[in-house]
Structure formats: structure tokens, C-alpha cells
Amino acid sequence: MFMRTDRLYLRPAWAEDAGAVFGGIADWDIVRNLARAPWPYEPRHAEEWVAAEPDDGGARFLMFRRGDDALVGSIGFGYWFGHGNDPEIGYWLARPFWGQGLAVEAGRAVLELAFETYRYARIAAGHFVDNPNSGSVLRKLGFAATGEIKPYACAARGTEVDSVEYLLTAQEWRAGRQLLRKAA
């Protein structure tokens, strides 16, 4: 599946993307905020990731900037961390693309897929307590904090890290989408 936004196109990862994935994610300040990525992040990890077929009941995409095809990061959703029956959204952006609203732009496209095509009733999310910028992205996408903070294993840090938990229902997402349309 392929998707386009104003500034991005999203597509599945291919074997030839491994070098670009490694170049984008092999940064401590990125990997330390992800649950499953190891540290040090090595080229073989990127090769294994692009070769793996997602088996988590969701979808994952690489994000590329339209115009020059620069790899921006990755985004997707699936059943990863035991949020009951709720899939979870996750993402990372390469450092040169931080602070440009690209995670929110890609997130809107992915949430539309999750709610309208996959027909999920709710999507969960979380961010480590020491990564408040990710919480800002989630709130801009319409997620609301549940009030829960749960420990999750972080492979890079080699320990559990507290995660602020969020939830977005399809009904809330649709209401927020209607407000955006009225404002435009």
C-alpha cells in the first residue's frame, strides 16, 4: 500500500532501503525513544527490519519527502505491547526532519487507514516520559492521555522506562477530522 500527503509519500520498506534506514535511525537520540530498536544500531539491524514481514496485524511504512525522496522515518500501527485489543501507533523521524510537523502529517494518513480501512475502534499510543516531543505529536493527532504511566522495556537502554499512555477512538478521530474540514 502507498499513501501520499502534502509533503510525503509512504510505502512499505524494500531491501534496498536498508542503508537509508540505517542512516536515519542509527542515532542514540532516536533509538533511546523506541522500545524494540537495539543499541548500538548496526547495518544488520536495518537489513533485518526491512526484510521482516510485519506479523503484528497492522501496517508499517517508510516516509519519504516528496521532491527529493529523502528518507524521513518510519510510521505504522500494530499489536505490539499488550494494549489489550487495541493496536498501537509508533513512529520515528531522522534528526534532520524533527520539528517540521512531518510526524503529524504522516500520522493523519496512517490513522485514516487504521480507522477507515482496518476499521479499528481505538488506537493506543505511548511515549517515554523523557520524550515529551512525542507526546506533543500524539496530542496534535487527537490522542488523549489516559492518566496511566506504564513501564515498557527499551532494548537500547537495557531497562524498563515509564511510558505515558494515550488513546484515540474512531469516533473522536472522525469528530476532529470534521473540525479540521470546517476550519479549512
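This is a predicted model: local features need pLDDT of at least 70, side-chain atom pairs count only at pLDDT 80 or more; totals for chains, interfaces and linings use all residues.

Student: What makes S6 and strand S8 a pair?

Tutor: Two strands pair if DSSP finds at least two bridges between them. S6 and S8 (residues 159-169) have 7 bridges and pair in the antiparallel sense. Phe128 stands opposite Ser163 in S8.

Student: How do you know that helix H4 is largely enclosed?

Tutor: Of the 16 residues of H4, 12 are buried, so the helix is largely enclosed by the rest of the structure. Among the buried residues are Leu102, Glu105, Leu111 and Phe115. H4 reaches 22 Å from its first C-alpha to its last, close to the 22 Å expected at 1.5 Å a residue; the expected span is 1.5 Å times one less than the number of residues. Just after H4, Arg119 takes a positive phi of about 60 degrees.

Student: Which residues touch the most other members of the largest nonpolar core?

Tutor: A nonpolar core is a set of buried Ala, Val, Leu, Ile, Met, Phe, Trp, Tyr and Cys residues joined through side-chain atoms within 4.5 Å. The largest one has 57 residues, and Leu10, Val21, Ile75, Ile89, Leu111 and Phe143 touch the most other members. Its largest share, 10 residues, comes from helix H4 (residues 102-117). Contact means heavy atoms within 4.5 Å; leaving out residues up to four places away in sequence, Phe143 touches Ile89, Leu111 and Tyr166, among others.

Student: Why is Arg11 called buried?

Tutor: Arg11 has 7% relative accessibility and therefore counts as buried. Arg11 lies in strand S2 (residues 8-11).

Student: What makes the approach of Arg11 to Asp17 a polar contact?

Tutor: A polar contact is a pair of N or O atoms within 3.5 Å; within protein, one must be able to donate a hydrogen and the other to accept it, and residues adjacent in sequence count only if both atoms are side-chain atoms. The side chains of Arg11 and Asp17 make such a contact at 2.7 Å.

Student: Why is the pair of Tyr79 and Tyr120 called edge-to-face?

Tutor: Rings of Phe, Tyr and Trp (its six-membered ring) pair if their centres lie within 6.5 Å; planes under 30 degrees apart count as stacked, over 60 as edge-to-face and the rest as tilted. A search of the whole structure finds 9 aromatic pairs. In the pair of Tyr79 and Tyr120 the centres are 6.0 Å apart and the planes stand at 85 degrees, so the pair is edge-to-face. The pair links distant parts of the chain, 41 residues apart: Tyr79 is in the loop between S4 and S5, and Tyr120 in the loop between H4 and S6. Ring pairs link Phe77, Tyr79, Tyr118 and Tyr120 into a cluster.

Student: Are Tyr79 and Tyr120 buried or exposed?

Tutor: Tyr79 is partly exposed, with a relative accessible area of 38%. Tyr120, at 11% relative accessibility, counts as buried.

Student: What makes strand S4 largely enclosed?

Tutor: In S4, 8 of the 8 residues are buried, so the strand is largely enclosed by the rest of the structure. Strand S3 (residues 59-65) runs antiparallel to S4 and is joined to it by 6 bridges. S4 and S5 also pair in the antiparallel sense, over 6 bridges. Gly73 has its place in S4, and Gly73 is buried, with a relative accessible area of 0%.

Definitions and conventions. Residues are numbered from 1 along each chain as its sequence is written. Side-chain values use heavy atoms; hydrogens and water are left out. Buried means under 20% relative accessible area, exposed over 50%, partly exposed in between (1.4 Å probe, protein chains only). Helices (H or I, at least four residues) and strands (E, at least two) are DSSP runs, numbered from the N terminus.
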